[in-house]
Amino acid sequence: MRLQILEITDFGPYRGTQRFEFAAEPGVELVWGSNGRGKTSLLNTMRWALFGTVLGRGGRTIPVTSVGNREETDPDTKPFRVALTFTHDGHQYRLTRAYRNDPDHPASTSGFRITVSLVKDGDALGPIDRDRELARLLPEQIARFFLFDTELLQEYEQLLTPGSEAGQKLKDAIERILGLPVLTQARDDVATHLADARRAQAKAAQKDKATQALGNDLQVASEEAEQARRNVEELVDLVTELKTEADELEKTLTSNNRFKSQVGARNAKRDEVERLATRSKERAEALAAAAGDTWRAVLAPLVARELTAVDIQLDATNQRLASALAARQIATAAASGVCPTCRQTIDADVAQELHDHHDGTEAEDVEQVQSELGGLRARRDTLRTMRADGARIARLEEEASQARVDLSDAEGQLRELQAELDEAPPGTAENIGAWLGALASTNVTLDNTRRRLSETRNDLQRKDQAVVAFSEKLRRIGTAGSGAEDRKVQLLVDLHALLVAAVDEFRDRLRDAIEDEATAVFRALSAEPDYDRLRINENYGLTILYASGTEVLNRSSGYEHLVALSLIAALQRRSPMSGPIITDNPFGRLDPTHKKHVLQALPEIAEQVMLLPYEDEIDRPSAIAELGDRFVGEHHLRRVSGTHTVIEPGAYP
Amino acid sequence: MSQPPSTARTGGRVNIAFTEAAEEAARRLVNRFPFAALVDTARVGAAFALREGMSLSRPEDFGPANGSNFNVGSVDPGGDLRDLLVALHPQIQEDPYRVLETLMSQGVLAIDERVASGEILSLRDLMGVEIST
């Protein structure tokens with residue numbers, strides 16, 4: 001299948017009728033679109049035309065009533081239409097699918113109806129031929145291998161995880177394409193019949209006294225197993241839903257990577273500012289508490305000087321006191337002829353000598369000197385009580401000042417980061433914050449649900465084993481009334497075993513074929529000469545091997561994509577269908593080297609490739625240079641308003 | 001040694017106040033430095049005046065001390081400032097709190113002037129201490 005012309009009328013943001021002509025030559029076309037401009041809607045126009053479905057985030061179906069172009073405030077459902085012209089096997093087709101007003105069918109709940117027309121080589125096909133032709137050209141079940149979001153290629157990694165619910169879904173899709181459902185459905189139908197037969201076996205056993213208790217046990221075990229099976233199914237659905245939600249959130253965050261890192265930096269800086277503000281406040285409070293003693297520190301040098309002076313005065317006054325006391329003793333002895341200390345009489349010549357010794361100066365008054373001494377001691381004591389730690393106050397002042405400077409610097413940086421974020425579309429920062437929060441919350445719920453699922457699966461296994469054990473026991477006992485039911489159970493057990501073996505055998509053959517095809521593609525795509533081949537596991541997960549057969553561990557995300565593309569290519573080759581590859585966000589998670597690999601890979605897989613990147617997703621000149629002559633066309637999605645996008649030729653101006 | 005001031009020891013003086021100009025200066029200092037209240041600048045002003053050897057006598061152009069009234073118990077809760085004044089200047093005859101009232105106004109005006117001239121920019125400058133950081 002090769003797409004030629006896409007005509008869109010009032011679909012999503014594509015207002016009016018817009019015509020898009022695909023390049024006629026084999027190769028890669030680029031359609032650039034900023035976030036919200038309508039890349040996914042463009043992919044959906046083709047999905048709508050081919051399959052009549054419109055998918056939103058995470059592969060959820062969008063109701064057709066909300067697809068028609070309308071103003072934000074207009075609540076009314078609007079009609080829309082897509083016409084796709086393509087060629088296949090030398091025939092030309094024009095497929096038109098419309099959602100249109102239906103005035104002739106007032107009973108219609110919406111007042112709208114869907115019309116589909118397929119014109120083949122100029123002839124309009126009738127409904128039966130039309131549906132048969134469409135199912136043959138490109139069945140919806142394999143759409144994921146033609147119209148896909150590259151961000152979701154990571155889901156192929158799930159094929160390598162035993163027991164992964166997403167991997168199981170994907171495996172089912174792969175096997176549907178490859179024709180396995182004929183066998184698996186037969187096996188599952190037989191399993192259902194077997195469960196019914198065991199219930200009948202239990203009923204029959206309950207009628208016989210000899211087996212009544214065992215029949216009761218089998219009935220209870222069957223009911224419990226059935227309930228456990230329903231629990232597992234519900235949890236599988238829930239896990240898939242949560243995983244889809246988490247993938248979508250990651251994808252959204254990835255497409256806002258630039259703003260995400262800015263928000264991250266802004267949030268980190270905001271936290272830092274909060275910490276610094278707290279520190280600054282603490283330092284300021286500590287300083288304020290200490291600053292009350294500043295006056296003491298101001299006086300400290302004066303007090304120190306004064307203490308020295310008072311100490312010197314004290315020494316001098318002590319000496320004066322000693323002199324005054326000595327003078328008074330001498331005077332007393334000379335006058336009285338008796339020593340005032342030992343009370344002995346003094347000889348006349350000694351008394352004369354003491355009298356002569358006196359130099360005639362007036363001795364100081366002892367009491368007055370003692371009073372002076374007391375005053376000086378009191379001053380000294382007062383001065384000594386003055387304690388001031390000026391160094392501590394100064395250090396606290398330094399710390400408070402530094403904390404203010406640090407805070408001011410951080411606040412300036414925060415303002416700059418905020419200013420950069422303010423240039424983003426309104427609400428970006430809030431949205432990213434909300435997305436990050438939602439992702440964290442979803443991942444927690446997902447982990448918890450997976451744990452519950454694992455426990456419930458184990459529970460189901462135990463209950464199934466109990467059912468088989470009771471059923472087998474009953475069969476061995478065998479009563480007259482339950483013989484037919486026992487034989488039926490045995491027949492179905494044998495048939496089920498046969499179909500299980502058949503499914504396994506068919507799967508083995510398919511896996512061998514897919515492994516060979518995927519390895520051939522991978523070898524053509526891989527730039528790493530040491531990577532020799534791919535090995536497939538029972539879930540169709542592919543592992544890269546060295547020539548020695550050793551597994552390549554921890555392969556890069558780029559190689560994950562290449563491996564996924566190899567699998568898609570192999571499935572396309574093993575499928576009778578062939579068609580274009582149209583991918584949204586083709587390079588979102590890849591580094592430049594792997595973007596280059598993908599650019600190399602896609603034209604190898606399909607003749608017609610359309611990539612829908614956003615502007616920052618890949619460097620345009622590099623991409624065009626890398627594609628060389630495989631680059632065959634380029635368009636961009638121009639915003640007219642929030643609800644109006646126009647497809648225009650060329651890159652963004 | 002230190003005792004709460006009593007009216008007996010303060011010569012009956014209960015309140016002291018800045019002059020109008022000094023109060024304006026004191027308010028600027030409260031805004032400029034991490035002092036909790038105006039009364040902190042009163043203590044710092046008096047201490048600074050003492051350290052700088054400013055006259056204990058009230059100059060003729062001192063003007064009326066009609067700024068906010070501080071209870072002497074607020075300015076000098078333990079009497080430390082008064083005791084220190086007396087220890088440094090035992091010769092003073094005047095009521096110590098009247099002397100301190102003079103010194104605190106003179107001191108804050110002097111500090112405010114040096115702040116304005118850039119000579120004092122921090123508590124460290126004010127304290128005149130050298131700190132190794």
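**Interface and cavities**

Chain A and chain B bury about 2,300 Å² between them, and carbon and sulfur atoms give 76% of that. Buried area here is the accessible area, with a 1.4 Å probe, that two parts lose on being put together, summed over both.

Some ground rules. This is a predicted model: local features need pLDDT of at least 70, side-chain atom pairs count only at pLDDT 80 or more, and totals for chains, interfaces and linings use all residues. Residues are numbered from 1 along each chain as its sequence is written, chains are lettered from A and ligands numbered from 1 in the order in which they are written, and side-chain values use heavy atoms, with hydrogens and water left out.

Back to the interface. Chain A puts 26 residues into the contact and chain B puts in 25; contact means heavy atoms within 4.5 Å. How many salt bridges cross the interface? The rule finds 2, taking a side-chain nitrogen of Lys or Arg within 4 Å of a carboxyl oxygen of Asp or Glu. One of them joins B:Arg124 to A:Glu398, at 3.3 Å, N to O.

Which elements of chain A give two or more residues to this side? They are helices H6 (257–291), H7 (294–336), H9 (366–385) and H10 (390–422). Helices are DSSP runs of H or I, at least four residues, numbered from the N terminus. H7(A) gives the most, with 11 residues. By type, the chain A side divides into 16 nonpolar, 4 polar and 6 charged. Ala, Val, Leu, Ile, Met, Phe, Trp, Tyr, Cys and Pro count as nonpolar, Asp, Glu, Lys and Arg as charged, and the others, Gly among them, as polar.

Now the cavities. The whole structure has 2 of 30 Å³ or more. A cavity is a set of points on a 1 Å grid, over the protein atoms alone, where a 1.4 Å probe fits but cannot get out; lining residues have an atom within 4 Å of a point.

Helix H13 (557–574) of chain A gives the most, with 4 residues.

Among the lining residues are A:Phe145, A:Phe146 and A:Gln572. Here the count is 6 nonpolar, 2 polar and no charged.

Terms used:
On a 1 Å grid over the protein atoms alone, a cavity is a set of points where a 1.4 Å probe fits but cannot get out, and a pocket is an open set with protein on both sides within 12 Å along at least five of seven lines; lining residues have an atom within 4 Å of a point. Grid points are joined across faces, edges and corners, and a volume is the space filled by probe spheres set on the points.
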